[in-house]
Amino acid sequence: MKLHTLWQEEARRRLEQQTRRHFLRDGMTGLGGLWLGLQGSGALAAGAKLDPIQFAPKAKRVIFLHMVGAPSTLDLFNYRPELAKYSGKECPQEFLEGERFAFIQGVPKMLGPQFDFQQHGQSGAYVSDRFSHLTKHVDDMCFVHTTKTDQFNHGPAQLMMHTGHAILGHGSMGSWATWGLGSENENLPGFMVLLSGGRRPRGGNALWAAGHLPSVYQGVQCRSVGEPVLNTTNPAGVSHELRGQAIKAINAINQDAHATIGDPETLTRIAQYEMAYRMQVSVPEVMDVESESPAVLEMYGAEPGKMSFANNCLLARRLAESGVRFIQLYDWGWDSHGASKTEALNEGFKDKCRSVDQPISALLTDLQQRGLLEDTLVIWGGEFGRTPMQENRGGGEMAFVGR
């Protein structure tokens, strides 16, 4: 009996959940304390204070538009006029030495911008003619062309993009944001995911997984066609009240298990059962785009009952309005390196641009009209861009557009 009691105590100690409050409390005795020690013995004794934040944080939620397969930023936002002078010429050898590229054999030829660029807005930002609708919003955007990764395969690059690591097992940025900021709506998950384009990202569910965080912070995948969230609808003959009684009984058993073992994941399971029960009412309501006016549907190019990026952009606004903290949209089909060597970007790339240009513009307009854009961070990007060479699209650069 004594051995069993010792085992229980050890289990509780090992499985104690690390909360935000624990982190802030213990940080002074960890790296935070070490940093203060390096500043000199008088740092705290003299009553020194950290510099105040110069700009008050404004973002309350994130909408992340990820173009799966890597859009060519050189043909959308990252204008390189000097590159046009070298288009069709062999790549200088110094650009190849010590570098790793996908699909390159021999000495590739350079490839300049394939579409016309013009400056827009008061900022004079360059945008290609592929995004004619989005040009109306350039003064509300921040273009970042300096983010790099050494991953040139889609799966690892997507993991790097969303978790900061090229291998499985780490929490996604959506999970970390939800962990850090919590949720604004107890009837909806804080982190929700929508897919379009016909396929899933190569990184799969790991892109919205919680990693070593409690699983309650993982993303919940939704659908714009059919049942909004799988397995939330009651089977035939089971009423909402009966389901509530069943969940109450299950959670009572889980509470006893937690009292005995102390595993924090048991509390997560309890919370997820209760959340799923509330979602049976809240999710169908928030996912019903048919309740939108014809004018709003036309602005987005949305068609109720269809799986599309336009529908998902409209759903993103509805989720943001409902208090969801992190909304992730994945649009598959941006892998354009399969075209011939004489034409690096095929019709598929142009089609993808047409399919997202109007919905993204509508999303920004809609958020602004409803007073949500001021505290919503909208991010656009892919896992990488294309190199300035004909034979290869994979490589390094990622581009983001946000507010």
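Author: Rings of Phe, Tyr and Trp (its six-membered ring) pair if their centres lie within 6.5 Å; planes under 30 degrees apart count as stacked, over 60 as edge-to-face and the rest as tilted. The model is predicted, so local features need pLDDT of at least 70, side-chain atom pairs count only at pLDDT 80 or more, and totals for chains, interfaces and linings use all residues. Residues are numbered from 1 along each chain as its sequence is written, and side-chain values use heavy atoms, leaving out hydrogens and water.

Reader: How many aromatic pairs does the rule count?

Author: Ring centres must lie within 6.5 Å. The count by this rule is 11.

Reader: Which class of aromatic pair do Tyr79 and Tyr126 form?

Author: Their centres are 4.7 Å apart, with 40 degrees between the planes. Planes under 30 degrees would be stacked and over 60 edge-to-face, so this pair is tilted.

Reader: Are Trp334 and Phe349 buried or exposed?

Author: The two rings form an edge-to-face pair, 5.9 Å centre to centre and 85 degrees between the planes. Buried means under 20% relative accessible area, exposed over 50%, partly exposed in between (1.4 Å probe, protein chains only). Trp334 and Phe349 are both buried.

Reader: Which residues form one aromatic cluster?

Author: Aromatic pairing rests on ring centres within 6.5 Å. One cluster consists of Phe77, Phe131, Phe143 and Trp380.

Reader: How many disulfides does the structure hold?

Author: A disulfide is a pair of cysteine sulfur atoms within 2.5 Å. Cys313 is buried at 0% relative accessible area, and Cys353 is buried at 0% too. The number of disulfides is 0.
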